[in-house]
Amino acid sequence: MAESSEVLRLRVLLSFYNDENTTVTGLARSLGEEKYTISRLLSAMEEEGVVDRSNNRHPKLTSEGIEAAERYAKRVDTLVNYLLFKGVGMENARPDALKMALHMSGQSIDVFRSEEELEAVKYEFRDRRKFSGSEFFSKLPDGNYRLSFIIYREKANNVTNVSMANEGFEHPGILSVTDGVGTIRLKVTTLNARSAKTGDAMKGKVKSLRYFDNGDYIAAEQDGDIIAFPAESFHFYNLRPGFDPVLHGTLPIKITANVGTMHMPDSIAFFTILL
């Protein structure tokens, strides 16, 4: 019951924010609540300092109330849009978004905001079969986005087609966008492997990465354990054109690493992302 009371309070806050001329009677009617329920809630909100009831017929938000309403309105819009992009119907998306907006941390909201922005750009490309990374990433607002990825071998063996190098980076990676230019940032982590001869466990680290662009392999930038290379070098294929597209981006890379006393040879792999 406490949760539904919090949600009702948020709905009242947003109702005043969207229509400053609303009345207690109008609120009760639009929210489907009894008038005395709304009046009691407004009294509590007045004590909190978010509602001014000096004109009892036309309450309004205080400056503190307006600030809170703006913050929650942005949260709710972000969450509603994200849920709609994921196929949730509006009849469930908005009620769910109201509950989520109340209890999620600012960090979690930022993650959902970046995901919602990514989904919006994906939707722009829903009917495109093929396109370049520069076309796609130039549409994204500036910011950082979580990037799920898999590094595949050039040739699969009898066990897996996932490259050993996939374990050499922290997951997920980060896509940074500044002025429409995207950069993939990966953090190098300890690489664990077993000797093909002895079966002994070995540890090591990725030493370098080169990415394919304009017919040549170019050295990625390195700053300590961070490796960075341009997102524009990717080529995308839309695996599922339509309302809910699945975008497959791939980029040939060459990675060198030292594992134990053994140097992992420079070999071609495919850095792959699914959006």
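Predicted model: local features only at pLDDT ≥ 70, side-chain atom pairs only at ≥ 80, totals over all residues.

Q: Why is the pair of Phe 137 and Phe 236 called edge-to-face?
A: The ring centres of Phe 137 and Phe 236 are 5.8 Å apart, which is within the 6.5 Å needed for a pair, and their planes stand at 65°, which is over the 60 degrees required, so the pair counts as edge-to-face. This is one of 16 aromatic pairs in the structure.

Q: Which parts of the chain does the pair of Phe 137 and Phe 236 link?
A: Phe 137 belongs to helix α7 (residues 133-137) and Phe 236 to strand β13 (residues 235-238), so that the pair links distant parts of the chain, 99 residues apart.

Q: How do you know whether Phe 137 is buried or exposed?
A: Buried means under 20% relative accessible area; Phe 137 has 0% and is therefore buried, and Phe 236, with 3%, is buried as well.

Q: What makes Phe 229 and Phe 271 an edge-to-face pair?
A: Their ring centres lie 5.5 Å apart, within the 6.5 Å limit, and their planes are at 85°, over 60 degrees, so this pair is edge-to-face. Phe 229 in strand β12 (residues 226-230) and Phe 271 in strand β15 (residues 262-274) are 42 residues apart, and both are buried.

Methods:
Residues numbered from 1 in each chain as written. Heavy atoms only, no water. Phe/Tyr/Trp six-rings, centres within 6.5 Å; stacked < 30°, edge-to-face > 60°. Helix = DSSP H or I, 4+ residues; strand = E, 2+ residues; numbered from the N terminus. Buried < 20%, exposed > 50% of the residue type's maximum accessible area, 1.4 Å probe, protein only.
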